[in-house]
Amino acid sequence: WAHGRRKLFKLAEVARAPLAAEAVRRIDLIFDAERVINGLSAERRLAVRQQDIAPMVAELETWMREQHARLSRHNDLAKAINYMLTRWAAFTAFLKDGRICLTNNAAERALRGIALGRKSWLFAGSDRGGERAAAMYSLIVTAKLNDVDPRAWLADVLARIAGHPASRLHELLPWNWKTTQAQQAAAA
(Lines give C-alpha, C1' and ligand atoms only; values in the text may rest on other atoms or scores of the structure.)
Protein backbone atom coordinates (compact mmCIF):
# COMPACT_ATOMS: atom_id res chain seq x y z
CA TRP A 1 0.00 0.00 0.00
CA ALA A 2 2.84 2.38 0.72
CA HIS A 3 4.34 1.82 -2.76
CA GLY A 4 1.00 2.23 -4.48
CA ARG A 5 0.22 5.35 -2.47
CA ARG A 6 3.68 6.81 -3.13
CA LYS A 7 3.19 6.70 -6.91
CA LEU A 8 -0.16 8.46 -6.58
CA PHE A 9 1.14 10.92 -3.98
CA LYS A 10 3.88 12.12 -6.34
CA LEU A 11 1.29 12.84 -8.99
CA ALA A 12 -0.97 14.60 -6.49
CA GLU A 13 1.83 16.77 -5.07
CA VAL A 14 4.05 17.40 -8.09
CA ALA A 15 1.61 17.34 -11.00
CA ARG A 16 -1.32 18.60 -8.90
CA ALA A 17 -3.52 15.89 -10.41
CA PRO A 18 -6.96 16.04 -8.74
CA LEU A 19 -7.72 12.37 -9.42
CA ALA A 20 -4.42 11.36 -7.85
CA ALA A 21 -5.23 13.52 -4.82
CA GLU A 22 -8.59 11.77 -4.52
CA ALA A 23 -6.91 8.36 -4.71
CA VAL A 24 -4.46 9.39 -1.98
CA ARG A 25 -7.34 10.67 0.17
CA ARG A 26 -9.14 7.32 -0.16
CA ILE A 27 -5.98 5.34 0.62
CA ASP A 28 -5.30 7.56 3.62
CA LEU A 29 -8.72 6.64 5.02
CA ILE A 30 -7.65 3.00 4.86
CA PHE A 31 -4.37 3.83 6.61
CA ASP A 32 -6.28 5.79 9.29
CA ALA A 33 -8.61 2.86 9.94
CA GLU A 34 -5.64 0.50 10.10
CA ARG A 35 -3.83 2.72 12.65
CA VAL A 36 -6.74 2.31 15.05
CA ILE A 37 -6.31 -1.48 15.14
CA ASN A 38 -2.50 -1.61 15.31
CA GLY A 39 -1.40 -3.65 18.29
CA LEU A 40 -4.62 -5.67 18.52
CA SER A 41 -4.64 -9.43 18.15
CA ALA A 42 -4.65 -10.85 14.63
CA GLU A 43 -8.20 -12.15 15.14
CA ARG A 44 -9.50 -8.75 16.26
CA ARG A 45 -7.70 -6.94 13.42
CA LEU A 46 -9.20 -9.35 10.91
CA ALA A 47 -12.71 -8.82 12.28
CA VAL A 48 -12.38 -5.02 12.10
CA ARG A 49 -10.83 -5.21 8.65
CA GLN A 50 -13.67 -7.35 7.32
CA GLN A 51 -16.32 -5.12 8.86
CA ASP A 52 -14.87 -1.63 8.40
CA ILE A 53 -11.89 -1.64 6.04
CA ALA A 54 -13.00 -4.13 3.37
CA PRO A 55 -15.86 -1.86 2.21
CA MET A 56 -13.42 1.06 1.84
CA VAL A 57 -11.04 -1.13 -0.16
CA ALA A 58 -13.89 -2.34 -2.39
CA GLU A 59 -15.01 1.26 -3.01
CA LEU A 60 -11.43 2.22 -3.84
CA GLU A 61 -11.11 -0.63 -6.31
CA THR A 62 -14.37 0.28 -8.04
CA TRP A 63 -13.38 3.95 -8.19
CA MET A 64 -9.91 3.13 -9.51
CA ARG A 65 -11.29 0.84 -12.22
CA GLU A 66 -13.72 3.58 -13.32
CA GLN A 67 -10.97 6.21 -13.47
CA HIS A 68 -8.54 3.84 -15.19
CA ALA A 69 -11.10 3.14 -17.93
CA ARG A 70 -11.36 6.89 -18.68
CA LEU A 71 -7.62 7.51 -18.94
CA SER A 72 -5.14 6.86 -21.72
CA ARG A 73 -2.98 3.88 -20.81
CA HIS A 74 0.08 6.12 -21.37
CA ASN A 75 -1.11 8.62 -18.77
CA ASP A 76 1.06 8.62 -15.60
CA LEU A 77 -2.02 8.40 -13.39
CA ALA A 78 -3.28 5.41 -15.38
CA LYS A 79 0.11 3.74 -14.88
CA ALA A 80 0.00 4.39 -11.13
CA ILE A 81 -3.54 3.03 -10.88
CA ASN A 82 -2.64 0.07 -13.07
CA TYR A 83 0.29 -0.72 -10.74
CA MET A 84 -2.20 -1.31 -7.93
CA LEU A 85 -4.94 -2.96 -9.96
CA THR A 86 -2.64 -5.56 -11.53
CA ARG A 87 -1.48 -6.50 -8.02
CA TRP A 88 -4.87 -6.22 -6.37
CA ALA A 89 -4.78 -9.74 -4.89
CA ALA A 90 -1.52 -8.88 -3.10
CA PHE A 91 -2.84 -5.48 -2.02
CA THR A 92 -5.95 -7.04 -0.49
CA ALA A 93 -4.33 -10.08 1.16
CA PHE A 94 -4.36 -8.23 4.50
CA LEU A 95 -8.18 -8.40 4.44
CA LYS A 96 -8.05 -12.21 4.69
CA ASP A 97 -5.33 -12.60 7.33
CA GLY A 98 -5.05 -10.47 10.46
CA ARG A 99 -1.33 -11.21 10.74
CA ILE A 100 -0.49 -9.39 7.50
CA CYS A 101 0.52 -5.76 7.77
CA LEU A 102 -0.97 -3.15 5.48
CA THR A 103 2.52 -2.19 4.29
CA ASN A 104 5.88 -3.89 4.10
CA ASN A 105 7.71 -0.79 5.38
CA ALA A 106 9.02 -2.58 8.48
CA ALA A 107 10.51 -5.37 6.39
CA GLU A 108 12.09 -2.85 4.03
CA ARG A 109 13.61 -0.92 6.93
CA ALA A 110 15.05 -4.17 8.29
CA LEU A 111 16.67 -4.92 4.92
CA ARG A 112 18.02 -1.40 4.40
CA GLY A 113 21.10 -2.14 6.51
CA ILE A 114 21.93 -5.13 4.35
CA ALA A 115 21.57 -3.11 1.17
CA LEU A 116 23.69 -0.26 2.53
CA GLY A 117 26.38 -2.61 3.81
CA ARG A 118 26.65 -4.62 0.61
CA LYS A 119 29.58 -2.66 -0.83
CA SER A 120 31.38 -2.52 2.51
CA TRP A 121 31.21 -6.28 2.82
CA LEU A 122 33.14 -6.67 -0.41
CA PHE A 123 36.15 -5.68 1.65
CA ALA A 124 35.91 -8.40 4.30
CA GLY A 125 39.44 -9.38 3.29
CA SER A 126 38.80 -13.02 2.50
CA ASP A 127 36.10 -15.65 2.26
CA ARG A 128 36.74 -16.49 5.89
CA GLY A 129 36.39 -12.82 6.86
CA GLY A 130 33.12 -12.68 4.95
CA GLU A 131 31.86 -15.75 6.78
CA ARG A 132 32.77 -14.16 10.12
CA ALA A 133 31.00 -10.93 9.15
CA ALA A 134 27.90 -12.94 8.15
CA ALA A 135 27.96 -14.82 11.46
CA MET A 136 28.27 -11.57 13.44
CA TYR A 137 25.48 -9.96 11.44
CA SER A 138 23.26 -13.00 12.11
CA LEU A 139 23.95 -12.76 15.84
CA ILE A 140 23.21 -9.04 15.93
CA VAL A 141 19.96 -9.38 13.98
CA THR A 142 18.90 -12.33 16.15
CA ALA A 143 19.42 -10.18 19.23
CA LYS A 144 17.35 -7.37 17.72
CA LEU A 145 14.55 -9.77 16.75
CA ASN A 146 14.41 -10.90 20.39
CA ASP A 147 14.24 -7.30 21.70
CA VAL A 148 17.75 -7.54 23.11
CA ASP A 149 20.25 -4.69 22.85
CA PRO A 150 22.96 -6.27 20.66
CA ARG A 151 25.77 -4.25 22.27
CA ALA A 152 24.80 -5.18 25.82
CA TRP A 153 24.31 -8.81 24.85
CA LEU A 154 27.61 -9.10 22.96
CA ALA A 155 29.55 -7.31 25.71
CA ASP A 156 28.14 -9.62 28.37
CA VAL A 157 28.55 -12.80 26.33
CA LEU A 158 32.11 -11.97 25.26
CA ALA A 159 33.06 -11.20 28.87
CA ARG A 160 31.58 -14.50 30.16
CA ILE A 161 32.07 -17.01 27.35
CA ALA A 162 35.65 -18.06 28.20
CA GLY A 163 34.62 -19.35 31.63
CA HIS A 164 31.16 -20.56 30.61
CA PRO A 165 30.63 -24.33 30.45
CA ALA A 166 30.20 -25.64 26.90
CA SER A 167 27.23 -27.72 28.01
CA ARG A 168 25.37 -24.49 28.89
CA LEU A 169 26.17 -22.35 25.84
CA HIS A 170 22.43 -22.27 25.03
CA GLU A 171 22.02 -19.96 28.02
CA LEU A 172 23.92 -17.28 26.12
CA LEU A 173 21.57 -17.25 23.12
CA PRO A 174 19.69 -13.94 22.95
CA TRP A 175 16.24 -15.34 23.79
CA ASN A 176 17.62 -17.22 26.82
CA TRP A 177 19.97 -14.40 27.82
CA LYS A 178 17.07 -11.94 27.99
CA THR A 179 15.17 -14.21 30.40
CA THR A 180 18.26 -14.71 32.56
CA GLN A 181 18.91 -10.95 32.70
CA ALA A 182 15.27 -10.31 33.74
CA GLN A 183 15.54 -12.95 36.49
CA GLN A 184 18.80 -11.48 37.79
CA ALA A 185 17.31 -7.98 37.81
CA ALA A 186 14.26 -9.24 39.74
CA ALA A 187 16.49 -11.02 42.26
CA ALA A 188 18.59 -7.88 42.78
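Helices α2 and α3 are roughly antiparallel to each other, a label used for angles over 145 degrees. Their axes cross at roughly 175° and come within 10 Å. Axes here are lines fitted to C-alpha atoms, for helices over the stretch in contact, and angles run from 0 to 180 degrees between N-to-C directions. Helix α2 covers residues 18–37 and helix α3 covers residues 42–70; helices are DSSP runs of H or I with at least four residues, strands are E runs of at least two, and both are numbered from the N terminus.

This is a predicted model, where local features need pLDDT of at least 70, side-chain atom pairs count only at pLDDT 80 or more, and totals for chains, interfaces and linings use all residues. Residues are numbered from 1 along each chain as its sequence is written, and side-chain values use heavy atoms, with hydrogens and water left out.

Which residues in α2 and α3 meet? On the α2 side they include Leu19, Ile27, Ile30 and Ile37, and on the α3 side Val48, Ile53, Leu60 and Trp63. Contact means heavy atoms within 4.5 Å. By class, the contact of α2 with α3 has 13 nonpolar, one polar and six charged residues. Nonpolar means Ala, Val, Leu, Ile, Met, Phe, Trp, Tyr, Cys and Pro; charged means Asp, Glu, Lys and Arg; the others, Gly among them, are polar.

The loop between α2 and α3 holds Ser41. Ser41 is partly exposed, at a relative accessible area of 37%; buried is under 20%, exposed is over 50%, and partly exposed is in between, with a 1.4 Å probe and protein chains only. From Ser41 to Leu172, 131 residues along the chain, the C-alpha separation is 31 Å.

Now to helix α8, residues 150–160, where Pro150, Trp153, Leu154, Asp156 and Val157 are buried. They sit on the same side of α8 because they cover an arc of only 165° around the axis, taken from the directions from the helix axis to the C-beta atoms. Arg151, Leu158 and Ala159, on the other side of α8, are exposed.

What do the buried residues of α8 pack against? They pack against α7 (127–145) and α9 (174–187). The angle between α8 and α9 is about 90°, with axes 11 Å apart. That makes α8 roughly perpendicular to α9, the range being 65 to 115 degrees. Trp153 and Arg160 are among the α8 residues that meet Pro174, Trp177 and Gln181 in α9.

Conventions. Parallel < 35°, antiparallel > 145°, perpendicular 65-115°, else oblique.
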